[in-house]
Amino acid sequence: MTKNPSILKWVEEKKAWLQPDQVMWIDGSEAQLEALRAEGCRTGELIKLNEEKLPGCYLHRSALNDVARVEGRTFICSEKEEDAGPTNNWMAPKEAYALLDEISKGAYKGRTMYIIPYSMGPIGSPFAKYGVEITDSIYVVISMAIMTRMSAKVYDALGDSEDWIRGLHCKCDIDEEKRYICHFPQDNTIISVNSGYGGNVLLGKKCFALRIASNLGRQEGWLAEHMLILGVEYPDGEIKYIAAAFPSACGKTNLAMLIPPELYQKKGFKVWCVGDDIAWMRIGPDGRLWAVNPENGFFGVAPGTNMKSNPNALISTQKNTIFTNVAHNLDDNTVWWESMDKNPPKNAENWKGEKWDCTDGSKGAHPNSRFTAPAKNCPCVSSEFDSAAGVPISAIVFGGRRAKTAPLVYQSRDWNHGVFVGSIMASETTAAATGAVGVVRRDPMAMLPFCGYHMADYWAHWLEMGKKLGDKAPKIFNVNWFRTDDEGHFVWPGFGDNLRVLEWILKRCEGKVDAKETAIGYVPNAEDINIDELADFDFETLKSILEVDRDLWKSELAGINEFYGKFGEKLPEELKKQLGILTEKLG
Ligand code: OXD
Ligand code: MN
């Protein structure tokens, strides 16, 4: 399959250590994948779903103790602890390798070792980075075939190069006490043991495309971000691209696949999805910031996805998709999850595989149940999805869930102020989660669990990127779809109507609309946000969610100061200065 000496040596070492019964070199061919799907059905790892209703689709169940990413057991194993910083777990590389070696010794006995070549980004693109993942899971192989460009062509692209990311996954016994997701940035290596859940074992995604790639981006002068990428097409056919970062449960996939309100559709507006989770951004030959989505599919949360909230996502899951931990409708061998529709199946199994009575108040699907769907299935996938050059970014948008503090939208004064706005990003916990409601959780640039090095160095890198971009830098904004009224109801309708805000953002990028300067940045004049044909929503209501409450922001300062305090000496002077400016402006 390959003559690359560094790959052959690494595979031989792992083979000797893991002692598989068989070794299978994955080439990405449909014939090989089909044989693996059949094998997965035979072993019970997969259930083939109704071929007529859900062609090429499978149901998978992870172990009951293994249903989400495990941030507490995720480690950055940099040489020095200070390089991981205060927001990551750290383990010394020597100690981590010894621990992982002990856990994985002989772990593939009686199993097959699959060797997966994959590319993050279109193969051959200047953005592309290559990886090889070794796994003992068929689920991982067929999921990586959806989420990445998995192909033997990666070996051709690599030639003899040693520049590839080593990924090792061992299911072991799915023992949560021995579960570790370890990253070794200095060795371009990721090792994941004792899990079979996607977010912990599809190593191309968070582990490579964010934690390792953020390190590479810092060294090589680019950005690896937890951002969606979308294109807004104007009636004249011109398309402008936006990259946006939100913490989880803030509607990233919904925004990425937005359906324009009827008013906009009639005028000829369209929205195109380039990516829903990760953006790699580089300065292009024209000096602007260009982005690709390094992934090839969507690993989306199923519950809440329906024909109203996100028809494009739902349609994306109707063929060649893997569903994990959703309910199984035994009558027609399809799947169901909470709020998919109002007809939960009567004859069904829940996500655990137990007989499920939909009237007993228990959940059919796990709240973190997922679909793994090819991006090409999405009705609004961008024609630039495979573009080797990526798409030029006009605006970067940060956002969070804030009941009162943040206005619907505001623009930073410049790049450095924008980096400050990203660094203080926060979201409030909701009643849906356990714990106190309304607690502010800081999640800078939505990268808290994904930045693979010291967060303050990451901010310094952002500031550096701004210097290189100069006046070609995208404009930076903050949005908040989640302002509530006195009864706690959301004020802004959200979903497709968010395009009304994106339109203002893009007009600002082109200098086509004025704004009001406030202590926190530029806020729209209410008449500049189009609320035509918006039911039950008047101008006064709009004005209320554009307000900046000085007292709330003054109390916000204490939280920012406390958060910044964690970063000590490493906190960039520029961010201290920005905090000083905000403090002064608030008076
Ligand atoms: C996440 C995800 O947890 O994309 O952010 O799965
Ligand atoms: Mn994500």
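**Exercise 1.** How far does a polar side-chain atom of Arg370 lie from an oxygen atom of ligand 1?

*Solution.* This is a predicted model, in which local features need pLDDT of at least 70 and side-chain atom pairs count only at pLDDT 80 or more, while totals for chains, interfaces and linings use all residues. Side-chain values use heavy atoms, without hydrogens and water, residues are numbered from 1 along each chain as its sequence is written, and chains are lettered from A and ligands numbered from 1 in the order in which they are written. For Arg370 the separation is 2.9 Å, within the limit for a polar contact (a pair of N or O atoms within 3.5 Å). Lys206 places a polar side-chain atom 2.9 Å from a ligand 1 oxygen, and for Asp277 the corresponding value is 3.3 Å.

**Exercise 2.** Describe how helix 12 and helix 17 cross.

*Solution.* Helix 12 (residues 415-423) and helix 17 (residues 573-586) have axes that come within 9 Å and cross at roughly 85 degrees, where helices are DSSP runs (H or I, at least four residues) and axes are lines fitted to C-alpha atoms over the stretch in contact, with angles from 0 to 180 degrees between N-to-C directions. Helix 12 is therefore roughly perpendicular to helix 17, a term for angles of 65 to 115 degrees. The contact (heavy atoms within 4.5 Å) involves, among others, Phe420 of helix 12 and Leu579 of helix 17.

Notes
Polar contact = N/O pair within 3.5 Å; in protein donor to acceptor, adjacent residues only side chain to side chain. Helix = DSSP H or I, 4+ residues; strand = E, 2+ residues; numbered from the N terminus. Parallel < 35°, antiparallel > 145°, perpendicular 65-115°, else oblique.
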